[in-house]
Amino acid sequence: METIYETADAEAAQAGKKEKIVTINNQMPTKDVLLLSCGKYNPPTNMHLRRLERARDHLRSLGMTVIGGTISPINNYSSDDPCLEDSSVRVKLLELAMEYTQWMTISKWAVKQNTAKSILETLRFHQTVLNYIAAKDNDNIYNPKLIKRWVPAAYLMAGLSPRVPRVQIKLVCGMDVLESITTPGHYTDEEIAEIFTHYGLVIIDEDGQNINRFIYNSDILSKYIRYINVVTEWIPNEVNSTWIRRALHRGESIQWLVNKNVLKSIYENNYYGARKPISNLTTMELTKQEPKHRVILMSCGSYNPPTHMHFRMFERARDHLHSLGTHVVLGGVISPVNDAYAKSELAAGEHREEMLKCALHDSDWIRLSKWELRQKAWTRTRQSLQHHQTLLDEVVQGQAAANSNVDEEDLTWIPDVLRNGDTGDPSPVRIKLLCGGDLLESFATPGLWAEEDIEEIVGRYGLIVITRVGSNPYKFIYDSDILAKHLHNIHIVTEWIPNEVSSTRIRRALKRGESVKYLLHDSVLEYIYTYKIYNSKNPDHYQHTPSAATPASLKEAFERLAREAGYKIVPKETREASRSREKKHEKTRKIRITSGDCVEFTLKIRI
C-alpha cells in the first residue's frame with residue numbers, strides 16, 4: 001500500500017527543508033509525557049498494569065498529557081534470579097496481558113540486547129527516539145531498528161507536522177527501584193542525577209508503605225524530591241510475581257490475579273513449574289479415593305460493583321478445603337442482595353445482575369442465583385441460606401422435578417453434575433457461607449444480627465472466613481460464646497496474596513473519572529461506562545492507534561492525522577493520471593512505516 005502526502009503550506013515545507021536537528025534539553029519542563037516501566041514481569045500480573053493506570057490518573061490531575069505507557073521487560077542478562085523465565089516467554093505473556101489495552105505498548109529493545117541493560121540505559125534509549133521525533137530527524141524516526149510497537153502511532157505521525165510537541169519520559173516504579181537507586185555501588189552520583197533531573201520518577205505508594213518517609217530519610221532522594229511524584233494507591237492490590245510463582249508451584253489457583261490468557265498459557269506450557277490446581281480436577285477424580293464432605297460455597301452481598309476480590313475469595317476457599325483432603329467443593333453461588341436493602345449508592349438489581357453475568361463468564365464453577373433479587377423485600381442471610389439448602393436437598397434427593405412450586409430459573413445455580421445425577425454419590429451436599437473477616441466481626445455489632453440467626457448460620461451451615469495477613473479472627477471467635485461453641489464449623493483461610501479491592505473505593509474512583517482497569521472484569525467496566533452507573537466518568541484516553549492495529553486501520557489513522565497536520569492526500573487515480581507529467585519535476589521520498597517486525601505500508605511524501 002502506498003499513500004502520498006503533499007504539504008498545504010509552502011512556507012512550512014520550506015522551513016522543514018532548512019530545519020536542523022537540535023539537541024533537546026531534557027531538563028526543560030514539559031506537559032507531554034510518556035510513562036515507562038522496567039522490570040522482570042515474571043510473570044506479569046494485574047498489579048503491574050494497574051500501576052501505569054494509577055500513574056496516568058495522577059499526572060492528568062496535575063494538568064499533564066500522558067500520550068502513552070510503555071513496558072520494557074529486562075533481558076536474560078540483567079538478573080541472576082534462578083526463577084527468571086526466558087525473555088521470549090515473558091514478552092509473550094505480556095502481549096497476552098496487554099491484548100486489549102488501548103494506550104500501553106511493549107518495548108522489546110532491552111530483551112534484544114546481548115548484554116545487561118540498566119534502567120538508566122533503557123531510559124536513555126527511549127528518550128532518544130522521542131527526541132528524534134520532536135527534532136523531526138526523519139532518517140532516524142523511520143528507522144525500523146528504532147521505531148517498534150512501543151511508540152504511540154499518533155505521536156509518530158506527529159513527525160509530519162510543522163510543530164511537534166516534545167515528550168518527556170517518566171519512570172513508573174515502586175519502592176524496590178527507590179531502594180536500588182540508594183544502594184551503594186549501583187549508580188554513580190552523576191547517573192542518579194541524570195535519572196531524576198532528565199526523566200523523573202512516578203512512585204506508586206502502596207497503602208502503608210510510607211514512601212514519603214523513606215524519601216525524607218535518604219539524603220540522596222531528598223536532594224531530588226522535586227523530580228519525584230509519589231502516588232498513593234488507595235485501592236490496595238499488592239499482588240507480586242513471587243507470590244504468584246509460589247502459588248503456581250504449589251498447585252494453588254491464581255485466577256482473577258492475572259489475565260486469563262496469561263494463566264492459560266502458563267498451564268499449557270508448564271511455565272514456572274506450574275502444577276495443575278487440585279481445584280481443576282473433576283468431581284469424580286476428587287472423590288474416587290475416599291469419601292469426602294460435599295459442599296457448595298455461597299456468598300451473599302451487594303456486589304456493587306463486583307470486583308476481582310469477590311471472586312478471588314471463592315478460589316482461595318476452594319483451594320483451602322481441597323488441601324485438607326476432607327472436602328470436595330462442587331460449586332460456588334453468588335446471591336446479590338435485593339434492592340430493598342436500601343444501601344447507599346446501591347445500583348439497581350438489574351444492573352448488578354448483568355455485571356455479575358459479565359464477570360462470571362470467565363468462571364466454570366461459580367454461578368449466580370437471582371432468588372434474592374426477585375423477592376419483593378429484603379431477605380436476611382439466614383433465610384437465603386435456608387432457601388438454597390432446601391432446593392439443593394430436593395435436587396440431590398431427586399424431588400425437585402416433582403415439586404410444582406420450584407421455578408426452573410431458581411435451579412440454574414446448582415451444578416450440572418448434581419442436577420443430572422452424574423456423581424453416583426447419594427451423600428448430602430451442604431452449603432457453607434463464604435465471607436470476609438469484616439462479616440465475622442459484624443456479628444458483634446449491637447442490633448445488626450439476631451442471636452438465633454448467628455446460631456443457625458454458624459451451627460447448621462458453617463463459615464469459610466477469608467482474612468487478611470496480620471488479622472486475628474481467632475481472638476474475635478474466642479470473645480463470642482456462640483462462635484466459640486461452633487468453632488469446629490468455622491474455617492479460617494488467610495489470603496497470603498493481598499488483594500483488598502473495596503467496592504466503595506471503586507465507586508469513588510469511577511465518579512471522579514479515575515481508572516479502575518485491572519480491578520474489575522473488562523466487560524463489567526464497559527457495562528458501567530455504557531449505562532453511566534455510579535455517575536461514572538470514562539477517563540479521557542489519549543487517542544492513538546493501538547499497537548495491534550491492522551495495516552488498513554493504521555493507514556486510515558495516519559491519513560486522518562496527516563490531514564490534521566496540514567497535508568493533502570492525493571487520491572490514487574489522480575496520482576496515476578499525472579504520474580508521467582509530474583515525474584520529471586517531482587522529488588519524493590519513500591518512508592516505511594513499521595509495526596513490530598512487519599512493514600505495514602509505505603508513505604511517499606513530496607518534498
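Helix 4 (119-134) passes helix 8 (residues 189-199) in a left-handed crossing, where left-handed denotes that the near helix is turned anticlockwise from the far one by less than a right angle. This is a predicted model, in which local features need pLDDT of at least 70 and side-chain atom pairs count only at pLDDT 80 or more, while totals for chains, interfaces and linings use all residues. Residues are numbered from 1 along each chain as its sequence is written, and side-chain values use heavy atoms, with hydrogens and water left out.

**Helix contact**
- The axes of helix 4 and helix 8, as lines fitted to C-alpha atoms over the stretch in contact with angles from 0 to 180 degrees between N-to-C directions, come within 11 Å and cross at roughly 40°.
- Leu120, Leu123, Arg124 and Gln127 of helix 4 meet Glu191, Glu194, Ile195 and Tyr199 of helix 8, contact meaning heavy atoms within 4.5 Å.

**Largest pocket**
- The largest pocket has a volume of about 1,400 Å³, a pocket being an open set of points on a 1 Å grid where a 1.4 Å probe fits, with protein on both sides within 12 Å along at least five of seven lines.
- Its lining, made of residues with an atom within 4 Å of a point, comprises 49 residues, of which Cys300, Gly301, Gly436, Asp438 and Leu439 lie nearest the centre.
- Helix 19 gives the largest share of this lining, 6 residues.

**Second largest pocket**
- The second largest pocket holds about 1,100 Å³ of space and is lined by 38 residues, with Cys38, Gly39, Lys40, Asp176 and Val177 nearest its centre.
- Elements giving two or more residues to this lining include helix 4 and helix 7 (175-182).

Methods:
Points joined across faces, edges and corners; volume = space filled by probe spheres on them. Helix = DSSP H or I, 4+ residues; strand = E, 2+ residues; numbered from the N terminus.
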